[in-house]
Amino acid sequence: MDGFKYKYKIDEKSVRKMIISGISPKAMIQSALIPTFMFLVAWYLGKIESQPFGYFCFACGVAMLIWIGVQTNKLVKKTYSTLTKRYHSKELLVKVEINDEKIFYSVWNRNICERNEEYFLSDMLAFSENGNLIKVTGKEEKDKVYIIVEPSERIRLAQFLKSKDIKEKDRKSQIIGKLASIGLIVLSFVLAVYSFFPSQANVVPFLEAWEKKGGYTAQVDWTKNSFSEFDCQVSSVWIEKDKIYRIERSEEKGETQQVILSSFDNGKEKCIRLDAKGYVKLIEEKEITRTDFFLEAIIDPCEDAFLFGSPNKIQPSPYFSWKKEGNQINAALEDTDGFAQYRVGKEEDSYTEEQLNSMDTMERMNLHYSGRIKPDHADFTFTVQDKRIIKISFDELVRISESEEEREGTISVQDLSIQSTTKEQVEDLFERSVRHGSTIDLDQILQ
């Protein structure tokens, strides 16, 4: 047999292949775990709309990938530099000759042999392939021979090594390890990036966009409303520094029946209820989140389409199917059982502990029974323009025991349309003492 003869230059590219070929699948996956973890945390934070922390974790994941790449590149350069310094040359040539018994390995520097080693094939245990690089390893850690071959020679050399009872390392584990580590990183990276962009069917960002505008005017026109006799409600909301103010006017057959003036400051809402003549009927305060207060005029008639969970965060209800068609997002009730259980939970939360304790067994059992709530239908259509919700059409019918909750109508939202003098009147009103039974001049406020 003529044997095998190969020659190749030692450069950074060949050194990189040699180093990468020595990384085990387990080590590859372990290296991928940290950036994958950071991307998954970023994905989760993005899903719950905690973007600032999500961006930080995402940046950490990217930084970790860059760090791994930089460290690998440093190792390659250091190894290559060590070799060239040892032989005082960057023009190193490797010659490998293989016969039936031995592998002859030598390193040449300008026709001078700098290193000459030989290995018995009988002492070599295994070989592995990485592209056109074949690594043959022996019993000792130091017994390693790297051979760079042409593609046409790779198969022939591999068959020869097998014929000498040198075991081929499982290429599948190498490939699976690489694909698994790359797959983990790519998948988690894509998830993280995707979570930072609002889904086209997620109406919440288009609602919250009004806060950036600093205010809005919303008009609700009721076709059906089982909660009150009002057929129209006009609300104007605006932000003034760290406070928020709202004027809400309720009408019946074109005439004002009720006016509610509200302010938000430091997590609390102060509400002044007036009749059509400006008589103060009720003053009340309650705790509320900033987002809930600011958007209440828009989302109150269609609150069943949303979940109100963590502070300052609302989410589309998972009991609805959400679809985007053109500039409209349609939501239709789909999971009626889940919706009924959610409504029961909301109803339970509305009772105080004292009220719950005062109920008898049957009342408590009935309160927990979601079967008494039978949703007929609930449909909402949100129209988007300039990345903001400008119109909401709603139609909802929910049967609760013997009664019905029915809502139908439209909400039109536009830029704030009140005069600056009106804003000043309302803001000044909350700066002075207003008592129950007082009378407020509504002419200037409702002009």
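Arg388 lies over the face of Trp210, 4.6 Å from the ring centre; a charge counts as sitting over a ring if NZ of Lys or CZ of Arg is within 6 Å of the ring centre and within 35 degrees of the ring normal. Lys95 is placed likewise over the face of Trp108, at 4.4 Å from the ring centre. The model is predicted, so local features need pLDDT of at least 70 and side-chain atom pairs count only at pLDDT 80 or more, while totals for chains, interfaces and linings use all residues. Residues are numbered from 1 along each chain as its sequence is written, and side-chain values use heavy atoms, with hydrogens and water left out.

Rings of Phe, Tyr and Trp (for Trp, its six-membered ring) pair if their centres lie within 6.5 Å; planes under 30 degrees apart count as stacked, over 60 as edge-to-face and the rest as tilted. One of these pairs joins Phe39 and Phe58, which are tilted at 45° between the planes, with 5.5 Å from centre to centre. Phe39 belongs to helix 2 (residues 25–47) and Phe58 to helix 3 (residues 51–87), so this pair ties together parts that are 19 residues apart in sequence. Helices (H or I, at least four residues) and strands (E, at least two) are DSSP runs, numbered from the N terminus. Phe39 and Phe58 are both buried, where buried means under 20% relative accessible area, exposed over 50% and partly exposed in between (1.4 Å probe, protein chains only). Elsewhere, Phe4, Tyr6 and Phe160 are linked by ring pairs into a cluster.

Attention turns next to a sheet. Four strands form an open sheet in the order 7-6-5-8, with mixed pairing; two strands pair if DSSP finds at least two bridges between them. Strand 7 (144–148) and strand 8 (167–168) stand at the edges with a single partner strand each, so one side of each is left without a neighbour in the sheet. The pairing of strand 8 with strand 5 (residues 124–130) is parallel and runs over two bridges. Here Phe127 stands opposite Glu168 of strand 8. Helix 4 (residues 151–163) lies across strand 5, strand 6 (133–138), strand 7 and strand 8, and runs at about 160° to strand 5. For such a packing, contact means heavy atoms within 4.5 Å; axes are lines fitted to C-alpha atoms, for helices over the stretch in contact, and angles run from 0 to 180 degrees between N-to-C directions.

Antiparallel pairing is found between strand 17 (residues 320–325) and strand 18 (residues 328–333), over six bridges. Within this arrangement, Ser321 has Ala332 of strand 18 as its bridge partner. The hairpin of these strands has two residues between them, and Gly326 in that hairpin takes a positive phi near 65°. Positive phi values also occur outside glycine. Lys241, which is not a glycine, has a positive phi of about 60° and is found in the loop between strand 10 (232–240) and strand 11 (243–252). At 75% relative accessibility, Lys241 is exposed. Lys387 likewise has a positive phi, near 60°, and lies in the loop between strand 19 (373–385) and strand 20 (388–400). Lys387 is exposed too, with a relative accessible area of 65%.

Finally, the charged side chains deserve a look. The structure holds 24 salt bridges, each a side-chain nitrogen of Lys or Arg within 4 Å of a carboxyl oxygen of Asp or Glu. Lys139 and Asp123 form one of them, at 4.0 Å from N to O. This pair links distant parts of the chain, 16 residues apart: Lys139 is in the loop between strand 6 and strand 7, and Asp123 in the loop between strand 4 (112–120) and strand 5. Lys139 is exposed, with a relative accessible area of 58%, whereas Asp123 is partly exposed at 33%.

Arg343 takes part in salt bridges with Asp304 (3.2 Å, N to O) and with Glu405 (2.5 Å, N to O). Arg343 lies in helix 8 and Glu405 in strand 21 (residues 403–414), so their pair ties together parts that are 62 residues apart in sequence. Arg343 is buried, with a relative accessible area of 11%, and Asp304 is buried as well.
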